[in-house]
Amino acid sequence: MTVPSVNWNYPTAIKAGPGRIKELPELCRGLGMARPLLVTDPGLAALPMVAGAVQACRDAGQECGIFHEIKGNPTGRNVEDGVAAYRQGRHDGVIAFGGGSALDAAKAIALMAGQSRPLWDFEDIGDNYLRVDVAGMAPVVAVPTTAGTGSEVGRASVITDEAAEVKRIIFHARMLPAVVILDPELTVGLPPKITAATGMDALSHNLEAYCSPFFHPMAAGIAIEGMRLVKEYLPQAVVNGGDLQARLQMLVASSMGATAFQRGLGAMHALAHPLGALYDAHHGTLNAILMPYVLKANQHAVAPRLEALARYLDLPEPGPAAVLDWVLRLRETLGIPHTLAEIGIDDAQAERVGRMAAEDPSAGSNPVNYTPEQYSDLFRAAIRGNL
């Protein structure tokens, strides 16, 4: 099957297909960038794909800089340092290059490039977004190298406030990148373990958006098809990392998940956010481990939706339980740990995690309104493997 190379414009301009990274200098120029700052993580910064992207821009006459001081769970300090690099280099736009952490940090740097207020003033609470000086925001070209977060089509960044030990969502509608490059060749070198964890993150976005109680039929339609793509292509991408068709379809599923969660997320993310802040654990891995525990807890509230999903995914003996069984089989196939204990998380802070989860914005769109105590119980179940 030929791997497609196509353009579309929803929810932003997207250039999808093998080799599309070659268009990066032209796309930057189209956004008025003469001095872009490429923002990535330390691991990618050492790889030829980043050096090639920077050199391509320089060969096109653009004075491209690079900033890569970003943690796996990006922090406010990372954003501040990036903004300092942006201003010092007199840059005029941002290339967000990498996985979810790099993309989130890059979008926050682009937001903050011309602001006078501190970052936390733009946390997604009430109408804080009205504080943003839109004229001070920098344009962004997003280039994801993992298929999971979908941050390339998101209007927010999740940034860790280290002082408070909490993840905060920074939001403005214009944080949505102007152009996205979905080039599967950039994901070919992703190790199977990371391919699996990020792919399960894409599934979590689609699944939680699909189960949200809020009315957004377009998001629900996108989510259900995103899950079909994960079912069909994630195992292939893990087994054969060079399968460009599987890699492209997973990039698409990832973007679909982040588009769909305009409808909301849920308890998986409400728990994953505090766990990422407190334990600095990989976000996709957390969602992958938490998924069946949350799915089972929510099952009674979304039974008709899960039954429809089971039919759409062509699962055996369609019904709500079939979706849970599929998730468990998929995790086992991909080598995802069954418990949080397997990644070094214990229940010493169970009460604190429960309180943080109940207060997390994602909790507001879970199909069941859990108390802090119930979130603590869910957390303990995921530690001990109690399904």
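In the predicted model, helix 13 (residues 350-359) has Ala350, Val353, Gly354, Met356 and Ala357 as buried residues, buried meaning under 20% relative accessible area with a 1.4 Å probe and protein chains only. Helices are DSSP runs of H or I with at least four residues, strands are runs of E with at least two, and both are numbered from the N terminus. An α-helix has 3.6 residues a turn, so residues three or four places apart point the same way. The buried residues of helix 13 pack against strand 8 (166-171), helix 9 (267-279) and helix 14 (372-384), where contact requires heavy atoms within 4.5 Å. This is a predicted model, in which local features need pLDDT of at least 70 and side-chain atom pairs count only at pLDDT 80 or more, whereas totals for chains, interfaces and linings use all residues. Residues are numbered from 1 along each chain as its sequence is written, and side-chain values use heavy atoms, with hydrogens and water left out.

Strand 8, one of the partners of helix 13, is itself mostly covered, with 5 of its 6 residues buried. Strand 8 is joined to strand 7 (residues 156-161) by 6 bridges, and the two run antiparallel; pairing requires at least two DSSP bridges between two strands. Within this pair, Val158 has Ile169 of strand 8 as its bridge partner. The hairpin of strands 7 and 8 has 4 residues between the strands, and Glu165 there takes a positive phi near 55 degrees.

In strand 5 (residues 93-98), 6 of 6 residues are buried. Strand 5 runs parallel to strand 3 (residues 36-39), to which 4 bridges join it, and Leu37 has Val94 of strand 5 as its bridge partner. A further 5 bridges join strand 5 to strand 6 (residues 140-144), also in parallel, and Gly98 stands opposite Pro144 of strand 6.

The axes of helix 6 (residues 192-211) and helix 7 (residues 217-239) come within 8 Å and cross at roughly 165 degrees. Helix 6 is therefore roughly antiparallel to helix 7, a term for angles over 145 degrees, taken between N-to-C directions on a scale from 0 to 180 degrees, with axes fitted to C-alpha atoms over the stretch in contact. The contact comprises 16 nonpolar, 4 polar and no charged residues, with Ala, Val, Leu, Ile, Met, Phe, Trp, Tyr, Cys and Pro counted as nonpolar, Asp, Glu, Lys and Arg as charged, and the others, Gly among them, as polar. Residues of helix 6 in this contact include Gly199, Met200 and Leu203, and those of helix 7 include Gly226, Met227 and Val230.

Notes: Parallel < 35°, antiparallel > 145°, perpendicular 65-115°, else oblique. Buried < 20%, exposed > 50% of the residue type's maximum accessible area, 1.4 Å probe, protein only.
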